[in-house]
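Open the model in your viewer and colour it by secondary structure. This tour says what to select at each stop and what is there.

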Amino acid sequence: MSKRGERLQNKDARGARRAAAERTGPARGGGPAGGGQAPSRFRFWLRRAMVWGGGLAALGLLFLVCAVGFAASSLPSYATLKATQPGQTILVRARDGRELVEIGPSFGEWIAYRDIPENMTNAMVAVEDKRFRSHWGVDPVRLTGAMIEGLTGSRKRLGGTSTITQQLARNLFLNNNRSLDRKAREAVLALALEWKFSKEEILELYLNKVYFGGGAYGIDSASRKFFSHPATELNVGEAAIIAGLVKAPSQYSPTADVQAAVDRAKVVLSLMREQGYITADQANVDVDAVQLKEQAGQNSVRYFTDWVLPQLDIILPETNEPIEVWTTLDIGMQRAATAAIEANTPKGAQGALVSLDRDGAILAMVGGTDYVASNYNRATAALRQPGSAWKLFVYLAALEAGYKPDDKVVDTPVTIDGWSPRNSTGRNVGETDLRTAFAYSINTVAAQLGNEVGFGTVASMARRFGVSSKIDTYPSMVLGSSEVRVIEMTQAFAGVAAKGVPIEPYGIVKVTGTNGEVLYSRAPSKASPAVPDYVAAGITDLLQAAVQTGTGRAADIGRPVAGKTGTTSSNKDGWFIGFSSGITTGVWMGRDDAKAVPGLQGGRAPAQAFAAYMRFAVKSRPVEQFDVTLTLPDWQLEPDEEAMFGAPEDYYYIDEEGNLVEPGRREQQPGLLGPDGERIGNQAAPPAASEDFLEQATGGALPQPNQRPQREPRRPPPQPQVKLPAQ
C-alpha cells in the first residue's frame, strides 16, 4: 500500500474513534478525548470576566475622576479655607478683668509653611502619615490594611485609617461618624485637595487647623497653651509632644495627664528616628525636661461659667465672632469659697455655696467639692429641702400681719389638720417671745404662725423674694418640706439684706467683641419693695438674734451677721444662709443620693464654712450695723377700739336692703330701729335697686331680709403623709 493510502487509512481510523467517543461519552478515568473541553470553557469565562471587570473598572475610574474633578472645582480657594475657623471663642473675664477661662476653640497666629520648624512637620508626618509625600491623598497601603481588617475582623492595625489629607478633608468639610458613606466622601475630597493644592499647602492648612486638645486649634495655639511661646520656637521634644496629641487630644493632653503626653512623645521620637528624620542622639531627647506651662486653676470656676454662659443665647444676637464676657466673679472670693467648702464638707458629702453682692452680683459660686469628678452644679440645679431656713418666709408673713419681735408666743404641742409638729429637742418651753422662738428655731411656734397667717400667704411671701420652685401649701411647708435651690434661698436672704427690695442674681456685666465694641451692657434693675421697711427691720432683728444667741452661733465672724440655719430630717441636708456688710452667702451640704450624713446640722459644718468664707469676703469692707428699729405705721400704732371713737352721727350705716346711710342722715326705712333702740324717721332713703330688677338680673328669687343662705360646712382637704424635716 502506498504512503498516501496509509495516511488516508489512519485518518479514517481517527475519525471512527472520534465518532465512537462522541456516542459513548468520555472514557472512564478521563483521557485526551474527555479533558479538552473544560479548559476551553474556563478560559472563555475568564476572558469574559476580565473584559467585564476591566470595563467596570474603567467606568468606575471614569466616575471617580469626574467626582474628584467636580469636587476640586467646588472647593473653596486657599485663602477662604485659611480664613475659615470652626466654632466661636469665648474669653471669660473676672470682676477685675483678669482672664478666668477660655471656652471654645483657641486660634494662635497663622504660621506659613516656610516658618514652621522642620522638626514639627517631620514629627507630624512620621506619626500620622509616613507616605504623605508620595501618595495622592489616599494611601493604598493604609486602605488595603483597613479593608483586610474589616473583612477579617482583626484588631491588629495593618494600615492605619486616614492620611493627613483625609484628616484635613474631614476637619474642613465632614463630621466624625464612621459610616462608609462618610469615608467614601472623605477619600474623594482628599483626592480633590491633592488635585488642587500642593503638598506644602495641604500640610500648612493641616498644621494650622488640626485640634490639639484643650480648645487649641493649630500648632501656634497649642505651643502657646502648653509651652508659653509661639510655634516658630518649637524644639524637637516639644514638637514630638504636640504631634502626639492628634491621635487622642483629651487622653494625651499635658493639661490632663503629663505622663501620658510624655510617653506618647517618646513614641513619636522613635518613629522619627526609624524614618530618618532625626539621629539616635536626637531621639534620646529628655521630654520629661520640657517646660510645660503652668495651668491656672479652673476647677470650681467652671461651675460658674457653666451657669452663666448659656445666658448669652438670650442677651446676644446670634454670632460666631470671638467675644469677651466680663463677669461679676471675684477670683479671691472664689478661691476662699472653694477652700471653705473643701475644708468643712463632711466626708462622703457634697457642698455648694453662692455669694451675692448687695445688688445681686455673684461674687463666688461653688457647685460641688470637685468639678472634675462631678460637674453637676448643686448651687443652681439641685432641689433640696431647706429645713428651718424656710422659716424666714413664715416670720416675714407674721411680721407683715402685725407681729413684733417682742410679742409673746407659746411653745406648746399643736395639731393642725392631723399634723403634729415637734421640736428638735423634744421639749416645749411654754410662753416665750417671737425673737427667741426664731433664734432657737422652735417648730411649734412656726406651725402656729403659719396656720394663723395662712400657708398660701407664706408661699406668696417666698414668691415675692424670688423663689420660683414648686411650693406645697400643706401645713408641713412651714418647716421647709418644699424643695428649693441654693441660689433661690440666697437670693431671698439678699432681698432681706436690701431692706425688703427683691434682687436678681446676675453674673454678666458686659460683653465685648474683638475690636472692643460693647455688644451688651447690663442695666441696673429697678424693683419695688416686697415688704414694708418695718417688716424688713423686724426680720433682720430675728436673723441677727439667731447668730448672736441661737442656732447660728458658729457663723459669728466678729462683726454683725444675720442668718438662719436649716437641718432636714435624719440630717440629710444642712444649710446656713446669712449676710454681713452687704454680702449674702448661702451654704448647703448633703449627699447627692439624699442619704443621711451623721452629725450634719446647719449650725455646724455649713455655718463654719460660711464663717470661713465671709471672714475673707468682708475683710476689706467697713463694718455695717443692721437697722432693726421698728418704725411702725400710724394705723398699726393706733389701738383698734380707737377707730370707733367719735359722735354717732359720724358713723356710716348699711341697712338691710344694702343701702348706704350717710353721716347726718338718720332717716331710714319705716320701722327701722336706731342705735338706741328707738324707732326713727318715716322717710326712707332711696333703694339701691328694686327687688324686681335684682330678681330679673340674677335669674332667681332674692333671700328675704334677715334670711341668710345656707352653706355647707368647710372641711379641710385630706392631708397626704408627709415626712417632716426636723429643725
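**Before you start**

This is a predicted model, in which local features need pLDDT of at least 70 and side-chain atom pairs count only at pLDDT 80 or more, while totals for chains, interfaces and linings use all residues. Residues are numbered from 1 along each chain as its sequence is written, and side-chain values use heavy atoms, with hydrogens and water left out.

**Stop 1: the whole chain**

Select everything. The chain has 25 helices and 16 strands; helices (H or I, at least four residues) and strands (E, at least two) are DSSP runs, numbered from the N terminus. Of the 727 residues, 45% are buried. Buried means under 20% relative accessible area, exposed means over 50%, and partly exposed is in between, with a 1.4 Å probe and protein chains only. Take the contacts between residues at least 6 apart in sequence: 68% of them join residues at least 24 apart. Contact here means heavy atoms within 4.5 Å.

**Stop 2: the mixed sheet**

Strands of a sheet pair through backbone hydrogen bonds, either parallel or antiparallel. Here, two strands pair if DSSP finds at least two bridges between them. Select β2, β1, β5, β10 and β11: in that order, these 5 strands form an open sheet with mixed pairing. From one strand to the next, the twist averages 15°; angles run from 0 to 180 degrees between N-to-C directions, and axes are lines fitted to C-alpha atoms, for helices over the stretch in contact.

Now zoom in on β1 (residues 90–93) and β5 (residues 323–327), which pair in the parallel sense over 4 bridges. Which residue in β5 stands opposite R93? It is W326.

**Stop 3: the antiparallel sheet**

Select β7, β6, β14, β13 and β12, the order in which 5 strands form an open sheet with antiparallel pairing. Its edge strands are β7 (362–366) and β12 (562–567), each pairing on one side only. Ignoring direction, neighbouring strands of this sheet are turned by 5° against each other on average. Between β6 (residues 350–356) and β14 (residues 583–590), which run antiparallel, there are 7 bridges. A352 has W588 in β14 as its bridge partner. Show helix α22 (residues 533–548) as well: α22 lies across β12 and β13 (573–580), at about 65° to β12.

**Stop 4: the nonpolar cores**

A nonpolar core is a set of buried Ala, Val, Leu, Ile, Met, Phe, Trp, Tyr and Cys residues joined through side-chain atoms within 4.5 Å. The largest core has 85 residues, and those with the most contacts inside it are W390, F393 and Y395. Helix α17 gives the largest share of this core, 8 residues. Select F393: beyond its neighbours within four places in sequence, F393 is in contact with V458, M461, A462, F465, V467, M489 and A492. A second, separate core of 53 residues includes Y206, L207, I219 and Y252.

**Stop 5: two packed helices**

Show α17 (residues 391–400) with α20 (residues 455–464), which pack at an angle of about 105° with their axes 8 Å apart. The two helices are therefore roughly perpendicular to each other, a label for angles from 65 to 115 degrees; under 35 counts as roughly parallel, over 145 as roughly antiparallel and the rest as oblique. On the α17 side, F393, V394, L396, A397 and E400 meet T457, V458, M461, A462 and R464 in α20.

**Stop 6**

Helix α19 (residues 443–453) has 8 of its 11 residues buried, so it is largely enclosed by the rest of the structure. Its buried residues pack against α17, β8 (408–411), α18 (434–439) and α20. Just after α19, G454 takes a positive phi of about 105°.

Finish at I442, in the loop between α18 and α19. Is I442 buried or exposed? At 8% relative accessibility, I442 counts as buried. Its C-alpha atom is separated by 7.3 Å from that of D411, 31 residues apart along the chain.
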